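Please examine the structure below together with its sequence. The paragraphs that follow move from one part of the chain to another and describe selected residues in their surroundings.

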Amino acid sequence: LLWEYDLSAFDYHRLKGIVVERVIERGREEDFHAIFKLYGGTEKVREIIREEVPYLSPKDMAFACVVFNLKKETLKCYTRTLLRQARLNA
(Lines give C-alpha, C1' and ligand atoms only; values in the text may rest on other atoms or scores of the structure.)
Protein backbone atom coordinates (compact mmCIF):
# COMPACT_ATOMS: atom_id res chain seq x y z
CA LEU A 1 0.00 0.00 0.00
CA LEU A 2 2.97 2.32 0.53
CA TRP A 3 5.00 1.41 -2.55
CA GLU A 4 6.61 4.83 -3.03
CA TYR A 5 8.12 4.90 0.47
CA ASP A 6 11.25 3.22 1.81
CA LEU A 7 9.60 1.01 4.43
CA SER A 8 12.90 0.29 6.19
CA ALA A 9 12.93 3.94 7.33
CA PHE A 10 9.16 4.61 7.33
CA ASP A 11 7.73 6.23 10.48
CA TYR A 12 4.26 4.68 10.85
CA HIS A 13 3.32 7.03 13.69
CA ARG A 14 4.47 10.30 12.14
CA LEU A 15 2.73 9.42 8.84
CA LYS A 16 -0.34 7.71 10.30
CA GLY A 17 -2.71 9.85 8.22
CA ILE A 18 -1.16 8.50 5.01
CA VAL A 19 -1.23 4.92 6.31
CA VAL A 20 -4.92 5.11 7.26
CA GLU A 21 -5.76 6.84 3.97
CA ARG A 22 -4.13 4.03 1.97
CA VAL A 23 -5.86 1.32 3.98
CA ILE A 24 -9.24 2.98 3.39
CA GLU A 25 -8.50 3.37 -0.33
CA ARG A 26 -6.90 0.01 -1.10
CA GLY A 27 -6.70 -2.10 2.04
CA ARG A 28 -7.90 -5.61 2.66
CA GLU A 29 -9.58 -6.77 5.83
CA GLU A 30 -6.24 -7.78 7.38
CA ASP A 31 -4.89 -4.27 6.69
CA PHE A 32 -7.74 -2.78 8.75
CA HIS A 33 -6.97 -5.19 11.59
CA ALA A 34 -3.31 -4.13 11.39
CA ILE A 35 -4.08 -0.40 11.73
CA PHE A 36 -6.46 -1.07 14.62
CA LYS A 37 -3.68 -2.93 16.40
CA LEU A 38 -0.96 -0.42 15.46
CA TYR A 39 -2.89 2.71 16.42
CA GLY A 40 -4.85 1.47 19.43
CA GLY A 41 -8.29 0.42 18.24
CA THR A 42 -11.19 1.71 16.24
CA GLU A 43 -11.65 4.89 18.30
CA LYS A 44 -8.06 6.00 17.64
CA VAL A 45 -8.40 5.18 13.92
CA ARG A 46 -11.64 7.18 13.85
CA GLU A 47 -9.76 10.13 15.33
CA ILE A 48 -6.97 9.78 12.74
CA ILE A 49 -9.56 9.77 9.94
CA ARG A 50 -11.17 12.94 11.32
CA GLU A 51 -7.99 14.90 11.98
CA GLU A 52 -5.07 13.58 9.94
CA VAL A 53 -6.13 11.92 6.69
CA PRO A 54 -5.16 14.46 4.00
CA TYR A 55 -7.41 13.28 1.16
CA LEU A 56 -10.15 10.78 0.38
CA SER A 57 -12.18 10.46 -2.79
CA PRO A 58 -15.93 11.00 -2.35
CA LYS A 59 -16.47 7.23 -2.55
CA ASP A 60 -13.78 6.47 0.06
CA MET A 61 -15.05 9.29 2.26
CA ALA A 62 -18.57 7.82 2.17
CA PHE A 63 -17.16 4.38 3.01
CA ALA A 64 -15.18 5.76 5.98
CA CYS A 65 -18.22 7.65 7.26
CA VAL A 66 -20.41 4.54 7.17
CA VAL A 67 -17.85 2.12 8.59
CA PHE A 68 -16.57 4.45 11.33
CA ASN A 69 -19.87 6.25 12.03
CA LEU A 70 -18.58 9.69 11.08
CA LYS A 71 -20.11 12.75 9.45
CA LYS A 72 -18.22 14.00 6.41
CA GLU A 73 -18.48 17.58 7.66
CA THR A 74 -16.21 16.63 10.59
CA LEU A 75 -13.42 15.31 8.35
CA LYS A 76 -10.33 17.39 7.65
CA CYS A 77 -10.15 15.96 4.13
CA TYR A 78 -13.73 17.12 3.44
CA THR A 79 -13.16 20.68 4.63
CA ARG A 80 -9.90 20.84 2.63
CA THR A 81 -11.81 19.76 -0.48
CA LEU A 82 -14.43 22.48 0.09
CA LEU A 83 -11.74 25.12 0.54
CA ARG A 84 -9.97 23.97 -2.62
CA GLN A 85 -13.23 24.13 -4.60
CA ALA A 86 -14.00 27.60 -3.24
CA ARG A 87 -10.59 28.88 -4.36
CA LEU A 88 -11.08 27.42 -7.83
CA ASN A 89 -14.52 29.03 -8.16
CA ALA A 90 -13.36 32.44 -6.92
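Leu7 is found in the segment before H1, where helices (H or I, at least four residues) and strands (E, at least two) are DSSP runs numbered from the N terminus. The model is a predicted one, in which local features need pLDDT of at least 70 and side-chain atom pairs count only at pLDDT 80 or more, while totals for chains, interfaces and linings use all residues. Residues are numbered from 1 along each chain as its sequence is written, and side-chain values use heavy atoms, with hydrogens and water left out.

Leu7 is partly exposed, with a relative accessible area of 44%. On this scale, buried means under 20% relative accessible area, exposed means over 50%, and partly exposed lies in between (1.4 Å probe, protein chains only). Together with Tyr5, Tyr12 and Leu38, Leu7 forms a nonpolar patch on the surface, with about 320 Å² of accessible area in total. Such areas come from the Shrake-Rupley method with a 1.4 Å probe, and for residues only the protein chains shown count as cover. Patches are made of residues with over 30% relative accessible area and no salt bridge; like charges are joined within 9 Å, and nonpolar side chains (Val, Leu, Ile, Met, Phe, Trp, Tyr) within 5 Å.

The discussion now turns to charged residues. Side chains of opposite charge can pair when their charged atoms come close. A salt bridge is a side-chain nitrogen of Lys or Arg within 4 Å of a carboxyl oxygen of Asp or Glu, and by this rule the count comes to five salt bridges. One of them joins Arg22 to Glu4, with the closest N and O atoms 2.6 Å apart. Because Arg22 lies in helix H1 and Glu4 in the segment before H1, this pair ties together parts that are 18 residues apart in sequence. Arg22 is buried, at a relative accessible area of 10%, whereas Glu4 is partly exposed at 43%.

Glu21 also belongs to helix H1, which covers residues 16-26.

Arg28 and Glu30 meet through their side chains at 2.7 Å, N to O; Arg28 is exposed, with a relative accessible area of 52%, and Glu30 is partly exposed at 47%. Arg46 pairs with Glu43, the closest N and O atoms being 2.4 Å apart. These two residues are three residues apart in helix H3 (residues 42-51), and are therefore separated by about one helical turn. Arg46 is buried, with a relative accessible area of 18%, while Glu43 is partly exposed at 47%.

Asp31 lies in helix H2, residues 29-39, and is buried, with a relative accessible area of 18%. Apart from residues up to four places away in sequence, Asp31 touches Leu1 and Val23. The C-alpha atoms of Asp31 and Leu1 are separated by 9.3 Å, although the two residues are 30 residues apart along the chain.

The loop between H3 and H4 holds Glu52, which is partly exposed at a relative accessible area of 32%. Its contacts, not counting residues up to four places away in sequence, are Lys16, Gly17 and Glu47. Between the C-alpha atoms of Glu52 and Trp3, 49 residues apart along the chain, the separation is 20 Å.

Further along, Asn69 lies in the loop between helix H4 (58-67) and helix H5 (76-89). Most residues other than glycine have a negative phi. Asn69, although not a glycine, has a positive phi of about 55 degrees, and Asn69 is exposed, with a relative accessible area of 68%.

Helix H5 contains Arg84, which is partly exposed at a relative accessible area of 36%. Arg84 gathers with Lys76, Arg80 and Arg87 in a patch of positive charge on the surface. The place of a charge is taken as NZ of Lys, CZ of Arg, CG of Asp or CD of Glu.

Conventions: Lys, Arg positive; Asp, Glu negative; His and termini not counted. Contact = heavy atoms within 4.5 Å.
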